2 protein chains.
Amino acid sequence: MTTERKFVEELIEQEDDFDRWYVEVVRKAELADDSPVRGTKVIRPYGFALWEHMQAELDRRIKETGVQNAYFPLFIPKSMFEREAEHIEGFAPEVAWVTRGGDKELEEPWAVRPTSEAIICPMFARWVQSYRDLPILINQWCSVVRWEERPRAFLRTLEFLWQEGHTVHATLEEAEERARLMLEVYRDFVETELALPVIPGQKTESEKFAGALRTYTIEAMMGGKHWALQSATSHNLGDHFGRVFEIQFLDAEGKRRYAFNTSWGLSHRTVGAMVMVHGDDRGLKLPPRVAPIQVVIVPIWRTDEERAKVEEAVERVRGLLRDSVRVHADLRDDKTPGWKFNDWDLKGVPVRLEIGPRDVAQEQVTLVRRDVLGQRQAVPVSGVGAAIAETLEDVQRSLFASAKRMLDEHTEDVTSYDRLKERVAANAGFSRAFWCGSAECEARVKAETRATIRCIPFDQPERIGACLVCGEAGRYRVIWARAY
Amino acid sequence: MTTERKFVEELIEQEDDFDRWYVEVVRKAELADDSPVRGTKVIRPYGFALWEHMQAELDRRIKETGVQNAYFPLFIPKSMFEREAEHIEGFAPEVAWVTRGGDKELEEPWAVRPTSEAIICPMFARWVQSYRDLPILINQWCSVVRWEERPRAFLRTLEFLWQEGHTVHATLEEAEERARLMLEVYRDFVETELALPVIPGQKTESEKFAGALRTYTIEAMMGGKHWALQSATSHNLGDHFGRVFEIQFLDAEGKRRYAFNTSWGLSHRTVGAMVMVHGDDRGLKLPPRVAPIQVVIVPIWRTDEERAKVEEAVERVRGLLRDSVRVHADLRDDKTPGWKFNDWDLKGVPVRLEIGPRDVAQEQVTLVRRDVLGQRQAVPVSGVGAAIAETLEDVQRSLFASAKRMLDEHTEDVTSYDRLKERVAANAGFSRAFWCGSAECEARVKAETRATIRCIPFDQPERIGACLVCGEAGRYRVIWARAY
């Protein structure tokens with residue numbers, strides 16, 4: 001075994017420059033790479049495998065609520081895109097336009113979808129005739145494009161991967177119920193699978209989706225600067241789209257009515273959230289439930305004789321695990337064990353098993369957790385399956401618990417505007433404060449501090465105090481923070 | 001139970017107008033619908049579920065060969081797209097161009113990918129340094145755009161869904177092996193899962209992929225007009241792309257070399273192929289292995305008392321089946337059993353179970369196969385699991401056998417050019433004939449008959465006769481046919 005490189009190239013430390021740490025860890029862990037197309041990134045196999053595990057689990061949960069997948073065109077003719085006025089106003093500045101097909105100029109430019117309401121609603125209008133056709137519950141996995149010149153992998157790219165759900169209902173109440181149901185699906189998915197604690201709530205009028213009646217959101221706190229990341233949104237669109245796209249149905253009494261819509265999406269931003277919440281100076285820490293590799297086995301040997309015995313043990317342990325967990329044996333012979341430890345730590349694999357000659361002699365493996373520094377545990381080979389199952393569950397729990405602790409420790413009830421300014425300037429985290437509900441107070445804080453109201457949490461106290469800004473009677477307790 | 005509509009709207013018969021039958025069956029079975037965007041179609045949930053089952057199985061097979069999924073940008077800057085001269089020449093007439101982002105004109109137009117060699121190869125150039133980095137085996141599932149004004153759902157649309165695999169190798173031999181391996185993966189997938197017999201072979205120089213050294217293909221025969229459908233292709237790109245995109249590596253001796261590439265793709269055209277090969281005047285016949293619904297249960301009752309008993313039996317049978325097959329119970333109460341039979345026949349569900357009061361009394365179900373007209377079989381409830389498993393396998397086999405019979409019956413060894421013309425004009429199927437290998441003879445036949453050489457089958461006879469067109473010494477036996 002050569003000692004070609006003892007250590008993987010080192011990361012910058014989070015404390016020194018969290019944003020640069022993010023860029024480096026994403027690239028060095030091979031989640032994504034820069035692309036020659038301005039504003040975009042390439043998602044590499046390791047990053048895409050993570051997304052695939054997330055997709056599989058979220059897709060299952062979405063389908064369990066009765067939703068079916070479908071696929072709608074990438075392009076939306078300009079006239080169709082412009083039908084809902086608020087919608088086009090909100091999205092126009094970030095749309096990519098196709099103006100030529102083959103050698104011909106198009107008569108009308110086509111938008112590359114930034115979101116698909118404007119192409120799906122005309123289809124709903126065709127499919128919905130009677131109340132018996134409702135509800136329609138549809139989802140699509142695709143990429144969308146929103147013009148962006150300063151990309152940051154997963155968080156903000158010109159093109160990004162997501163799922164977008166679109167539904168049609170007979171009543172506003174049913175649409176409201178669906179919008180809230182899908183937010184809850186997201187909350188549960190993000191907390192259970194990605195180990196990211198979030199605050200579910202409603203967006204203010206100024207922050208809601210262009211064309212929506214109400215937007216719901218889950219907001220997570222990132223590490224480092226403790227900024228917020230909007231992790232998924234769900235919109236009750238009311239009958240705004242139903243009216244402009246003429247989605248009408250005959251109700252049970254034979255009366256013609258406009259239908260109500262929802263839409264809801266979760267994107268690969270959540271990959272970035274996992275990086276920023278769980279990662280440390282050694283690299284990623286991936287939650288076991290979605291980690292592409294849950295257990296890596298690293299053999300340790302010096303002589304050929306040791307190698308044969310060790311590799312035989314590696315093969316046996318891999319055989320014991322491979323039906324129940326995603327296990328990888330790193331048999332590269334041009335890398336040292338130390339280099340491999342660092343490399344798999346960087347890539348965030350939750351559990352490492354080391355197998356050396358002494359382990360072989362004692363019929364054991366050495367188990368090392370990515371999330372607990374310096375802890376090593378000898379496990380008899382006969383008990384390795386049970387130990388791994390238990391450890392993976394514990395890692396998942398402990399990542400969530402750490403993240404929850406960070407969220408709690410960096411959230412403060414703030415009662416003066418000065419204190420809010422101080423906290424925003426110091427990247428101190430979320431500030432919980434009372435708000436009168438006026439757009440003026442909201443805009444003032446945003447202009448003066450660059451913090452925004454991330455959401456009006458569903459969880460409201462019984463008594464609401466005075467507005468932090470104007471001192472008038474408060475209507476809500478809200479979360480102020482800067483956001484990615 | 002009302003008798004609102006006894007029969008689903010009838011299809012035109014295949015014999016009367018096969019092309020119109022195709023359009024109607026795709027729409028009425030709810031596989032796809034017209035879209036308001038010229039050249040595109042909307043894939044409805046039933047059609048998309050079919051694609052999802054195909055994807056899952058093909059993805060598994062691709063990964064088994066060591067390939068990993070990734071994701072590359074949708075857009076390719078013009079200058080990058082133009083680097084491989086043959087490639088741009090072949091694709092330029094069908095490219096959609098983005099020229100505006102937000103309010104700004106782009107300095108350089110961006111192609112919406114018609115295929116991704118030109119964006120993936122620059123990344124390969126970055127990732128490949130040493131022979132130790134090779135091979136790189138990557139796949140992506142995405143949509144691509146090729147300008148098309150006269151769409152036909154699944155077969156020819158401006159935007160279509162596919163997977164595209166891209167690999168890099170140290171030697172031409174290894175690239176050749178990979179190109180052939182992936183064609184074999186496609187052949188096995190299409191024959192085993194989609195029940196479509198195909199002829200594997202090589203494309204001629206004039207029919208190969210723009211920029212490839214060699215293109216391999218699997219060609220299937222459609223029903224109706226017995227035209228060919230190219231069902232998947234695999235390309236050995238040689239070092240064409242390696243040289244223009246400078247994909248270089250140091251070999252084991254430290255010498256700098258250009259790398260070799262392959263690419264290979266299978267699209268949702270294969271959905272259209274299943275429709276055209278297996279379908280009949282009553283609608284689709286879906287192969288059980290990929291059918292979204294493998295078994296549909298239709299209850300039959302007149303009185304409320306019967307209804308209660310029958311629906312209880314339906315629930316019991318569904319419970320017995322649902323862990324092993326994709327089963328759906330059609331409990332709609334505004335449709336008659338007859339209407340439902342026709343509807344599920346139209347949608348191609350392989351097996352129908354009818355449960356009426358007499359079935360309940362005798363602890364049985366009535367099993368009806370979609371692919372065998374008029375056959376009804378009583379099966380005891382206790383044996384329903386085994387009967388279904390066996391029947392589904394038999395349906396899969398028998399669909400393949402019918403398709404193979406059609407292919408064989410409509411393939412003829414042709415020894416005169418007049419006979420070839422006759423057969424092409426009569427839509428008689430594939431004509432197997434000797435060819436000298438010259439582009440002139442090939443072009444002449446294409447111009448005079450509109451038939452093309454679909455492939456030079458791998459399966460070649462020991463003795464090759466004289467060229468059908470010029471009478472000179474033949475080099476290959478080829479398949480002539482018109483194609484979709």
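**Close-up views of chain A**

**View 1. Strand β15(A) and its partner β17(A).** In β17(A), A:I355 is the residue that bridges to A:P299. The model shown is a predicted one, and in it β15(A) and strand β17 (residues 351–355) of chain A run parallel, joined by five bridges.

**View 2. Strand β15(A) beside β16(A).** A parallel pairing over three bridges links β15(A) with strand β16 (residues 327–329) of chain A, and within β16(A) it is A:V327 that stands opposite A:V295. Together with helix α9 (residues 304–321) of chain A, the strands β15(A) and β16(A) form a right-handed β-α-β unit.

**View 3. The contact of domain 1 with domain 3 in chain A.** The domain assignment divides chain A into domain 1 (18–278), domain 2 (295–394) and domain 3 (411–481). The centres of domain 1 of chain A and domain 3 of chain A, taken over C-alpha atoms, are 27 Å apart, and their contact involves 20 residues from domain 1 and 17 residues from domain 3. Between them these domains bury about 1,500 Å², of which 61% is on carbon and sulfur atoms; on the domain 1 side, A:I199, A:T204 and A:E207 lose the most area to domain 3, together 31% of what that side buries.

**View 4. Salt bridging by A:E207.** The side chain of A:E207 meets that of A:K446 in a salt bridge, with an N to O distance of 3.9 Å. Across the interface of domain 1 and domain 3 of chain A, two salt bridges are found.

How values were computed:
Residues numbered from 1 in each chain as written. Chains lettered and ligands numbered in written order. Predicted model: local features only at pLDDT ≥ 70, side-chain atom pairs only at ≥ 80, totals over all residues. Heavy atoms only, no water. Pairing = 2+ DSSP bridges. Helix = DSSP H or I, 4+ residues; strand = E, 2+ residues; numbered from the N terminus. Right-handed = clockwise from strand over helix to strand, strands pointing away. Domains from an automatic or database assignment. Contact = heavy atoms within 4.5 Å. Buried area = accessible area lost by both parts, 1.4 Å probe. Salt bridge = Lys/Arg side-chain N within 4 Å of Asp/Glu carboxyl O.
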